[in-house]
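Please open the structure in a viewer and keep the selection tool at hand.

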Amino acid sequence: MSPAELKASLRLPVVAAPMFLVSGTRLLIAASKAGVLGSLPASNARTSKQFEEWLGTITTALKSDSGPSKPYAINLIVRGAESRRFMADLALIERFKPPVVITSVGKPGDVTDRIHAYGGLVFHDVATLRHAKKAIESGVDGLILLTAGAGGHTGTANPFALVPQIRRLWDGAILLAGCISDGAGVRAAEILGADFAYMGTRFAAARESLASSEYKQLLVTQGTDDILTTDRISGLAATFMRGSIARMGLDPDKLPPRIGLLQPGLPEEIKAWRDVWSAGQGVGMIDDIPTTAGLVDRLEREYLAALQR
Ligand SMILES: Cc1cc2nc3c(=O)[nH]c(=O)nc-3n(C[C@H](O)[C@H](O)[C@H](O)COP(=O)(O)O)c2cc1C
């Protein structure tokens, strides 16, 4: 399948982006069934055995009697590519053949060849033009541009600067990530030159996500000004809700500095993502906790309305 064929197979050019501890099989299946590309990080499964079970569940759920299976994506962190867990997960990916593999952190290099060998597409996360050029050289099919204010490990570039510059030098798929919260935003990403909108935070507040009800409530009540970008929680620059930091008894403006490269100075018992919750600046647009199907219906209505403008 080519990226254009993938796009044509979807109801909307949207990826429900992978989120650590937030996207599980229910969210992935609900998103893919609703007609966008559902995804989850392999690391959300505790073991490769559990990952195998999940892949089985997803494959069965997305099968159709009347046509091709609905597509989905698996996110693999490439850093630590020598680890046993990584090798086992990659072997499972070769067996279950998810149509799209989203690679993040490391170099997609060898992984790309193995995904291409079974006909899968590789989309790689980048935040700078330099990393985009490297990923293009390694043969990926799509670039996910992490721009300013995105949820999770965010970027700092403005999408108006990044998308057209990459479009100028590359005709592969571009997925734009960062604060896209409604159907008009999806259309805006396309007008800018992207092929897909890559949306995380909005789907974290969907009913099927694994986020706790307290987490979802904060997604509804916190606004853009409540988003802190800091490397003091996960060790890398990432966006977190101030309310979730305060909830752990910490002052968002007086977080302990990192101990070393990548190592946060937080008390041992406080874990990024599990106890302190990420959201992008688009959180200000969230004021409900819809079902994934309801959310996709609404995105489609907004997208079609934006086409008429
Ligand atoms: C809670 C949370 C966890 C995330 N975990 C991951 C992850 O495990 N792997 C990954 O590639 N991206 C991760 N991301 C980033 C998303 O895949 C996506 O790039 C981002 O959410 C898009 O920006 P938006 O949230 O503003 O829509 C995470 C984002 C959030 C909000």
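Two strands are said to pair if DSSP finds at least two bridges between them. The model on display is a predicted one.

Select residues 100-104, strand β4, together with residues 121-126, strand β5. These two strands pair in the parallel sense, over 4 bridges. Within this pair, show the side chains of Ile102 and Phe123: Ile102 stands opposite Phe123 in β5.

**The whole sheet.** Now extend the selection to the open sheet of 8 strands, whose order is β1-β8-β7-β6-β5-β4-β3-β2 and whose pairing is parallel. At the edges stand β1 (14-16) and β2 (38-41); each has a single partner strand, so one side of each is left without a neighbour in the sheet. From one strand to the next, the twist averages 25°.

Select β2 and β3, which pair in the parallel sense over 4 bridges. Here Ser39 stands opposite Ala73 in β3.

**The ligand.** Which residues are the closest to the ligand? Of the 26 residues that surround the ligand, the closest are Ala17, Gly151, Gly152, Gly200 and Gly280. The elements that give two or more residues to this shell are β8 (196-199) and α9 (201-204). By class, the shell has 15 nonpolar, 10 polar and 1 charged residues.

**The two domains.** Colour the chain by its domain assignment: domain 1 covers 3-210 + 288-307, and domain 2 covers 223-278. Their centres, taken over C-alpha atoms, are separated by 25 Å. At the contact, 8 residues of domain 1 meet 8 residues of domain 2. The side of domain 1 that touches domain 2 has 3 nonpolar, 5 polar and no charged residues.

**A last stop.** Finally, select Lys254, in the loop between α11 (242-247) and α12 (292-307). Lys254 is exposed, because 7 other C-beta atoms lie within 10 Å, and a residue counts as exposed at 12 or fewer.

Note on methods:
Residues are numbered from 1 along each chain as its sequence is written. This is a predicted model: local features need pLDDT of at least 70, side-chain atom pairs count only at pLDDT 80 or more; totals for chains, interfaces and linings use all residues. A residue is near a molecule or strand if its C-beta atom, placed from the backbone, lies within 6 Å of it. Ala, Val, Leu, Ile, Met, Phe, Trp, Tyr, Cys and Pro count as nonpolar, Asp, Glu, Lys and Arg as charged, and the others, Gly among them, as polar. A residue is buried if 20 or more other C-beta atoms lie within 10 Å of its own, exposed if 12 or fewer, and partly exposed in between; C-beta atoms are placed from the backbone. Domain bounds come from an automatic or database domain assignment. Two residues are in contact if their C-beta atoms, placed from the backbone, lie within 7 Å. Axes are lines fitted to C-alpha atoms, for helices over the stretch in contact, and angles run from 0 to 180 degrees between N-to-C directions.
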